[in-house]
Amino acid sequence: MLGKSYMKRLVQSGFIVCLFALKAANAGVTAEEIVSRSDAIRNPSGSFAMETKITQYENGSISDEMVVKILSKPEENSGSYRTLVEILKPAKDHGKLILRNVSDLWFYDPSSKASVRISPQQRLLGQVSNGDVMSSNFALDYASVILGEEVIRDATKTKIDCYVVELSATSSQVTYPKIEYWVAKSDFRPVKGRFYAASGGLLKVAYYTKFKQILDAKRPTEVLIIDGIDVKKVTKMSFSSYKVASIPEYWFQRSWLERYESQ
Amino acid sequence: MKTLTLYAIGAVFLVLPPVAGFGDELDSIPDNLFTLDDTEVEVIQTKSYNDYWNFSLRVQSQFQKERNSGEDNVNHYLSLSSAGKIPLPSGRFVIDTSLRASYRDEEENSARDHVALDIKELYLSNTIGESGFLDVGRINIRSGFAYGFNPTDYFRPNVAIDDADQDVRRRRNNRLGTVGIRVEKALESEHYSAVYSPAISTKENRFSSNGSITGLHLGQSNPVDRLLLSYSKSSDEGRDLQLYYMLDDGVGSLGIGRSAVVNQKILAYFEATVGRRFSVLSNILKTGIRDGVLPESVGATFSAAEKQLYYQAAIGFSYSSESSVTTNLEYHYAGDGMSKNELTKWYKLIEASPADAGRLWAIRSQYTALDVPINREALWLRSIWDSPFGGYDFGLMVNYIVSDQSYLGRFSVAYDYSDEVELELQFSRFYGKEASFFGSLPSDYGVLLQLGWFF
């Protein structure tokens, strides 16, 4: 009797495990495909320009604001984005530039003509790091594994069926060593990300929202970022004025920054 | 027992979500962030005159208490800066000026100490072909990427115009450009540059003199013929290389700068220059004694200098923590700074010649003006804690002189009153024996209150 019961329960438990495994494998969709299709929604495929407003909230009240112009261009061979960020507001920082050329990150101050190297994790404003305003290609910079599927609430508090993917950095030069990433099963749009430090600590949680038809795809025009430690600190990034841009290669050189003209 | 284990395994899969630990942080977001209609996209209107022209007004009040006399020393500074770029059909016209006024308790040397109009930059820039450039006029030529000391910043001597700040980096940032011609070519990952800056007569007239309020200070920015050739290359691996050849009044020197990303938080950088020349000290003594700024007795104190190879270097690391603290630690080496033995001789000479003490201390201000550390070795630390709460930023700077163990510690708090207005309070404390670089300053501490309005 004991043996029969044992076998029955073994089959029942095994069935549950197999069901979960099948669900995670999701009928042939690979983690790489999920991430690259989601990348294509987060960023236009060619060179583009846009403006980003970063608003920092503390306990629901605005505590700081910044507006930047972003110029991005994918590298022909690797597809990695080179990005030039021009600070438009606040007035005291107007004209300052941040340049990312693959893994180089530079800060240029036109008043002193000095350019200094900065790290991706250095804070720009609120919960936004320098690396966050740079266009990034998760499929290139991270190895991905499907962790499973989950129904979560998106930023509009609507339930949505998602793939859950774990991204592990393949280079030490990316902003975050590990990301947990929720991607909508229906159309591969990014829904949520949890961004971790090398220590394993949660740095921030991001929700992608307000999807609009921009440059041939429905893309997020807003990201809400919650501080990993103090959840009362929330930063909103709003994207607008997307346009296709022709950007010469030499614009992504540190020595050229002095000659940048506001676009 | 086995049955229990199997049930437990089954229960784990049934009860827990597919991936353990997934929560929902959405409720942390205040409702007012969702008030915008979900179909509405904020349109950011950002084009303004600031794209071409920027103004700033800075008011500084500096307070120090004299150690010996106990007297309070209060200085006030006001500066209005205006910087613009006027687009032209094939280039642009660049202008950067600063109108300064001061009221000081300290002894003043000239009318310039009260009011001065500085033309920091004024040049015409032309584009040649797709990525070539020709600039003519007064240009701020800036190189090097260390924070506390830039050996490869070859045009830095005698051009700083901000004397209220103890932070060498901030002093260096506010300066006069050199008059000359610059040719540059930018390629995909390489950059070539040549600068020629001629010697301009220091003959006293209203345009070139150092004394008049509107003087262009050409004697300071263009003291000798100079030629700088530089090459830079960036790599996909996050490394950056700069190479320099500088010909300064016929004396050549080579320079190198390298920087690299270690990981998400740590950066490393290095810059150095080497040249066969007379030391900074021997040049200061030669011109100082000739012009009567230094007493002749000082010449006998230091051994006669000969031309030799002198090195200057800065090596540093930057660390950004998860809690938004960014710290830079640098080691500075100036081969032609004074050795411990020379510093001791200098201090003893000052002690033994009270009548000449004031003039002998001038050696220190000469080193400061040349932007070369007076000592051979120094450690420099700067830490910025960005907005831990509200709109406040906190800063700490320490400059430690290895040879005499004296140091400057500076704590600062900056507050963003609005997008346009920033307030900053700095408290500096000088530590060291009486005969040491920071210990010999007339005050033990200094306080600086600064208001900046940017428009």
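A hairpin takes chain B from strand β10(B) into strand β11(B) by way of four residues; helices and strands here are DSSP runs (H or I, at least four residues, for helices; E, at least two, for strands), numbered from the N terminus. This is a predicted model, in which local features need pLDDT of at least 70 and side-chain atom pairs count only at pLDDT 80 or more, while totals for chains, interfaces and linings use all residues. Residues are numbered from 1 along each chain as its sequence is written, chains are lettered from A and ligands numbered from 1 in the order in which they are written, and side-chain values use heavy atoms, with hydrogens and water left out.

One of the pairings puts B:S259 with B:Y269 in β11(B).

Now for the helices. Helix α6 (residues 340–352) and helix α7 (residues 357–370) of chain B pack with their axes 9 Å apart, at an angle of about 160 degrees. Axes are lines fitted to C-alpha atoms, for helices over the stretch in contact, and angles run from 0 to 180 degrees between N-to-C directions. That angle is why α6(B) counts as roughly antiparallel to α7(B); the classes are under 35 degrees for roughly parallel, over 145 for roughly antiparallel, 65 to 115 for roughly perpendicular, and oblique for the rest. The crossing of α6(B) and α7(B) is left-handed, meaning that the near helix is turned anticlockwise from the far one by less than a right angle (clockwise would be right-handed). From α6(B), B:W346, B:Y347, B:L349 and B:I350 meet B:A357, B:L360, B:W361, B:I363 and B:R364 of α7(B), where contact means heavy atoms within 4.5 Å. The tally for this contact is eight nonpolar residues, one charged and no polar. For such counts, Ala, Val, Leu, Ile, Met, Phe, Trp, Tyr, Cys and Pro are nonpolar, Asp, Glu, Lys and Arg are charged, and the others, Gly among them, are polar.

α7(B) also packs with helix α4 (residues 280–290) of chain B, at about 120 degrees and with the axes 11 Å apart. That angle makes α4(B) oblique to α7(B), and the crossing is right-handed. B:V280, B:L281, B:I284 and B:L285 of α4(B) make the contact with B:I363, B:Q366, B:Y367 and B:L370 of α7(B). Seven of these residues are nonpolar, one is polar and none is charged.

The peptide bond from A:K89 to A:P90 is cis, with omega near 5 degrees, and A:P90 lies in the loop between β3 (81–89) and β4 (97–101) of that chain. A:K113 is not a glycine, yet has a positive phi of about 65 degrees; this residue is in the loop between β5 (104–109) and β6 (114–117) of chain A.

As for confidence, the complex gets an ipTM of 0.82 and a pTM of 0.82 from the predictor. Chain B has a mean pLDDT of 83, with 84% of its residues at 70 or more; pLDDT is the predictor's confidence in each residue, from 0 to 100. Over residues 1–22 of chain B the pLDDT is below 50, and this stretch has 24 contacts in the model beyond near neighbours in sequence. Residues 35–41 of chain B are also below 50, with 15 such contacts.

Key: Two strands pair if DSSP finds at least two bridges between them.
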